[in-house]
Amino acid sequence: MNGVFWNFWVPPFLRLCAGILGAAGILTAAMATSNEPIKPLPPNPKIDLRKLRLGERLFNDPRLSADGLVSCASCHNLYGSGGADPRPRSIGAKGVEGTVNAPSVFNAANSFRQFWDGRALTLEDQIGMVVVTPADFGTTWDALLSKLKQDAEISSMFRAIYPDGLSAKNVSDAIASFERTLPAPSRFDRYLQGDASAISDDERKGYEKFKAYGCVACHQGVNVGGNMFQIFGVIGNYFQDRGQPKPADLGRYNVTKNEDDKYVFKVPSLRNVALTAPYFHDGSVPTLEAAVSIMFKYQLGRSASGEDMALIVKFLKTLTAETLEKSMTGNLPGKEPAPLSRGREK
Amino acid sequence: MNKRLLRNILAAFLVLTVIGLLAFLVYRTQAVDSQLHNEQTTALRELRQIDIRLDINVLRSRMGLNNDYDPLSAPVSQIDALCSHLSELLGNDGSTLKSLPELRAVFDQKLRVIDQFKAQNAILRNSLHYVPTVSDEIQLLIRKNAEAGSPALKRLNDMLVRVLNDTLRYNLMPDSATSRQIQISLAQMQRELPLYPEEIAAATQGFINHVHVILRQRAVEIMLMARLGEIPVPSLIEQMGKALDQEFALQMQEIDHYRNYLAIYSAFLLCIVFYFAMRLVSSFRMIARANQQLQEVNEFLEQRVRERTADLRSALEDLKASEAQLIQSEKMASLGQMVAGVAHEINTPLGYVRSSIETLSTQINEKVRHFCQDAQALLNAMYTGRVDEARIAACLSAAHRSSGELKGSFFDDVAAMLRDGLYGIDQIRDMVLNLKNFSRLDRSRVTLFRIEDGIESTLQLARQQIEHLKITKDFGTTTPLRCSPSQINQVFLNIITNAAQAVSPKDGLIRISTWMQDTSHVVIEIADNGKGISSENLKKIFDPFFTTKAIGQGTGLGLSIAYKIIQKHGGQIEVSSREGKGSAFLITLPTEPPSDPEEGEELADGAAA
């Protein structure tokens with residue numbers, strides 16, 4: 001009887017206590033900070049530095065693609081374009097053109113799903129799909145691994161980190177681990193954490209407009225988006241107005257084949273949005289201002305003054321990671337870009 | 001052999017089976033991994049909690065309490081991870097595992113609805129937020145407008161207020177009547193749009209659009225909430241939890257069963273062990289008893305052996321005594337033979353000593369007494385003087401006569417007779433000397449002894465038997481032996497006597513040779529040309545009591561004693577013979593006999609006997 005009591009009743013009771021305490025803690029924390037719809041970045045996971053180095057090497061390794069010319073970094077330009085592709089549509093191995101504009105890799109780890117249509121759940125899944133998609137690496141794991149196996153240094157790095165050495169799972173793990181350390185806080189994160197001077201008055205006003213016009217309804221949370229799907233064209237038909245319909249425009253429908261999912265896309269994260277032009281899945285919009293006004297028209301179904309839009313754009317620029325702001329200004333000829341990965345020694 | 005192997009294999013198989021069954025039962029009674037069960041239950045409970053939190057956050061989002069969707073999107077990967085974890089935990093746990101894909105599917109369904117909810121909720125919230133704003137804007141525009149008093153704008157104003165109120169009410173409590181009413185008003189607005197000034201018309205269009213959106217999205221929301229409520233996540237989780245508990249209970253029950261089996265089996269094994277132990281104890285006891293009996297028997301046997309040994313020893317002693325007696329009697333027998341020879345030998349010289357002395361005595365009686373009487377009578381006659389001359393003359397002539405008889409050959413005869421007598425006496429003396437030499441009883445029993453001397457004295461003793469035979473002696477230079485001479489002589493006498501009896505009296509030949517085999521061994525060969533020994537008899541020649549002679553003539557012990565004597569001296573005696581051609585005895589003797597005191601003693605005994 002005693003045993004039953006201790007084994008059966010006490011753990012749930014303790015868990016309940018812990019839950020109450022935790023809830024209380026969260027509540028007080030929430031009250032202490034703010035009830036803003038946008039949340040500051042959490043700290044990145046602690047990952048073995050050797051793994052990060054390996055992941056970074058693989059990220060930049062064009063041998064991952066079928067023709068040996070395309071690496072992850074080919075379409076996720078870490079230094080110039082905020083981890084996204086400056087070309088409207090990415091070009092994969094053997095010159096195969098992709099169907100969408102590659103989104104940023106920087107905060108992908110904090111998105112709830114990967115790809116515009118959310119067909120991958122995790123970064124590892126995303127990498128696995130990129131390897132075999134013709135418009136991406138257009139290869140197979142076997143071919144990729146046999147190519148990597150010829151590199152004694154890479155092989156030994158794998159053996160040093162993973163007990164089972166070089167494998168598809170471990171290649172994905174290394175690259176994903178590297179990507180998980182990419183998220184970097186912006187000035188706005190500092191503002192959210194109570195540093196009122198982190199952003200200017202205009203930028204703060206822009207944030208207020210961002211909230212007031214309802215942009216924040218979809219672009220919220222830690223990633224300022226990236227945590228939900230939304231139809232492109234809530235009010236008005238964007239695709240009709242744009243013309244030239246393409247299969248990729250069907251968005252999540254391509255994944256679920258669900259009529260309701262037509263033209264539905266993952267709401268992209270707006271972190272580093274100032275760097276990730278061109279915009280939208282079709283990469284059809286070259287400037288942030290134009291993108292904001294399209295959003296007003298088709299998503300919010302309203303118009304705004306040019307002044308308000310400019311303020312919103314100013315606010316959006318505060319979402320650029322400070323490391324990238326620095327690297328952008330420091331990325332002059334003859335200067336090494338600052339390391340982007342924020343991995344820490346385990 | 002094969003049967004035994006089979007039995008061994010069978011026994012090994014039996015033991016293995018017993019142990020295997022025990023191991024199986026012990027294995028089956030190992031506590032179920034209650035930790036695993038705990039983890040499984042915990043994972044399920046966590047899934048349930050995530051589900052509950054999802055529901056709560058959906059409601060919060062709906063109420064506008066949550067202003068971001070992170071709480072609704074973060075669980076996506078958590079659920080995935082937990083489901084994978086659970087699938088690992090469940091391993092291949094039958095029924096519960098089967099419902100895991102179902103759980104995943106249900107969760108996917110739920111997340112899909114939540115995704116739709118998020119999209120819907122964002123739009124609805126925006127429109128709800130925008131509709132009052134744009135309504136205010138339009139009213140402001142109407143008031144500002146020069147034609148504010150126009151019936152169209154007035155109607156618009158009224159409609160705006162009514163539709164806004166209706167829409168907000170509809171949002172709180174959706175009903176089809178309100179919806180229809182709103183729809184009618186919106187349609188009227190739409191119709192009257194051209195009547196409004198451009199600015200107002202544009203804003204009104206926005207208002208109309210957004211109210212439509214609210215109506216649409218609110219309906220969608222109702223549908224989604226209904227769908228969300230239908231998704232059986234909690235019941236499925238509960239079902240899985242129950243299944244897990246049931247499985248666990250079943251396992252526990254099974255373990256209880258096996259525990260009972262184990263107890264019974266253990267008791268059974270204990271009985272067997274006890275039985276074997278009892279058997280072992282009893283067999284030990286039996287062995288102990290047998291051992292004791294064995295010991296008793298042993299003791300008895302030892303006693304018997306001791307008695308037997310004593311008997312045998314006394315028998316041996318008797319045997320030895322009788323052997324000694326036999327040897328003695330053989331000795332006496334040979335002595336008898338010898339004595340006969342010796343008597344004969346002595347008798348002959350004794351005869352002519354006697355006859356010489358007899359003759360001498362007669363001669364002396366007759367001739368010397370006569371002369372002495374005559375000479376006495378003459379002397380008497382002459383000495384008295386009163387005797388006449390005649391008398392003297394007569395006496396003188398008588399004396400002259402009798403002295404004449406003493407003259408000449410008489411003294412030669414006397415000398416010859418005395419010489420003969422002395423010769424005979426010498427012969428007797430020689431014989432006695434030989435006898436003495438032969439027996440050597442006057443010397444120490446074991447002494448250095450020249451073998452040739454022994455042969456010579458033996459030949460002397462046996463002269464009577466061998467006098468008519470030809471004896472060839474072929475002596476080498478040999479080292480004196482340490483031995484008992486009387487015994488060795490006895491051997492020689494025996495062999496030589498036998499040889500003498502075996503050869504024919506006409507051309508009998510005995511050849512005696514001696515030589516040194518090496519520095520420490522002397523060889524004596526006594527060969528004859530007699531009738532030989534048959535090969536059958538040759539084998540038994542040294543056996544005691546074997547004889548070819550007529551009963552009463554020989555004891556059959558001579559050669560066996562000779563064999564024994566030579567053996568005691570550490571030597572060898574061999575015989576070779578060819579029937580009709582002769583026999584040869586070959587005796588090899590060491591110069592030093594084995595210095596075994598017992599041997600020596602026995603030698604001495606033998607010598608004494």
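At 35% relative accessibility, Glu208(A) is partly exposed, a class that runs between buried (under 20% relative accessible area) and exposed (over 50%), using a 1.4 Å probe and protein chains only. This is a predicted model, where local features need pLDDT of at least 70, side-chain atom pairs count only at pLDDT 80 or more, and totals for chains, interfaces and linings use all residues. Side-chain values use heavy atoms, leaving out hydrogens and water, while residues are numbered from 1 along each chain as its sequence is written and chains are lettered from A in the order in which they are written.

Glu208(A) has a salt-bridge partner in Lys211(A), with the closest N and O atoms 3.9 Å apart. Such a bridge puts a side-chain nitrogen of Lys or Arg within 4 Å of a carboxyl oxygen of Asp or Glu. Lys211(A) is also partly exposed, at 21%.

## A network in chain B

Let's move to chain B. Lys110(B) and Asp55(B) form a salt bridge at 2.7 Å, N to O. Lys110(B) is buried, at 1% relative accessible area, whereas Asp55(B) is partly exposed at 28%. Both belong to a salt-bridge network that also includes Arg48(B) and Asp51(B).

## Where the chains meet

Here 29 residues of chain A are in contact with 25 residues of chain B, contact meaning heavy atoms within 4.5 Å. One salt bridge is counted between the two chains: Lys39(A) with Asp68(B), at 3.2 Å from N to O. Over all chains, the structure holds 41 salt bridges.
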